[in-house]
Every structure is written in structure tokens, then in C-alpha cells.
Amino acid sequence: MKDYESIQGENLEEADMAQLLAVTLNDDAVARVRSQIPTGPSQSHCNECGEEIPKERQLAVKGCTMCIECQKFNERFRR
Ligand SMILES: [Zn+2]
């Protein structure tokens with residue numbers, strides 16, 4: 001019984017460590033996701049070619065940084 005208790009105690013500590021690690025990893029992951037997915041106001045001009053991004057697209061796609069053509073191009077080559 002004593003052994004079982006001590007094992008449980010160790011497991012709890014491990015769980016705490018895992019949770020701490022998960023929090024750190026999550027923060028890291030969130031930061032990574034934030035840097036990858038553009039948020040906030042859309043850009044008025046394409047990051048890739050400098051063409052003006054249509055107003056409808058700026059409104060439809062939150063935080064878009066590319067015109068439709070460049071977006072299509074990017075998506076095709078990302079896969
Ligand atoms: Zn473009």
C-alpha cells in the first residue's frame with residue numbers, strides 16, 4: 001500500500017511537470033501560430049507583388065497580406 005502511495009505521489013509530480021511543460025509549449029505554440037497566421041487589419045497592398053488588395057477581400061479575409069493571385073500561388077505550393 002505504501003509503495004502504491006509513493007508511486008501515486010511521483011505520478012502527481014510528473015503530471016505537474018507535464019502541465020507546466022504543456023503551458024510553456026502552448027505559449028510557444030501560440031506565439032508560433034500568431035506569427036504564421038496574420039490577424040488584425042488587412043493590408044491594403046499585397047506582400048508578394050505589391051498589387052492593391054481589393055477592399056472586398058480585405059474585409060472578407062481578416063488580416064490578409066496577399067492578393068488573390070499570390071494567395072492561390074502560395075496555397076498551391078504549400079501542399
Ligand atoms: Zn500579389
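Mentor: Let's start with contacts: two residues are in contact if their C-beta atoms, placed from the backbone, lie within 7 Å. Here, among the protein's contacts with a separation of 6 or more, 13% join residues 24 or more positions apart. Bear in mind that this is a predicted model, where local features need pLDDT of at least 70, side-chain atom pairs count only at pLDDT 80 or more, and totals for chains, interfaces and linings use all residues. Residues are numbered from 1 along each chain as its sequence is written.

Trainee: How many helices and strands are there in the protein?

Mentor: Both are DSSP runs numbered from the N terminus: helices are H or I with at least four residues, strands are E with at least two. The protein has three helices and zero strands, in the order α-α-α from the N terminus on.

Trainee: What percentage of the residues is buried?

Mentor: Count the other C-beta atoms within 10 Å of a residue's own, again placed from the backbone: 20 or more is buried, 12 or fewer is exposed, and in between is partly exposed. Of the 79 residues in this protein, 4% are buried.

Trainee: Why is C46 classed as partly exposed?

Mentor: C46 has 19 other C-beta atoms within 10 Å, so C46 counts as partly exposed. This cysteine sits in the loop between α1 and α2. Beyond its neighbours within four places in sequence, C46 touches E51, I53, M66, C67 and C70 by the contact criterion. C46 and Q71 are 25 residues apart in sequence, with 9.4 Å from C-alpha to C-alpha.

Trainee: Where is H45 found?

Mentor: H45 lies in the loop between α1 (2–36) and α2 (55–60). H45 is partly exposed because 13 other C-beta atoms lie within 10 Å. Its contacts, leaving aside neighbours within four places in sequence, are G50, E51, E52 and I53. H45 and M66 are 7.2 Å apart, C-alpha to C-alpha, and 21 residues apart in sequence.

Trainee: And G63: buried or exposed?

Mentor: G63 is exposed, because 12 other C-beta atoms lie within 10 Å. G63 belongs to the loop between α2 and α3 (68–78). From G63 to Q43 the C-alpha to C-alpha distance is 6.8 Å, across 20 residues in sequence.
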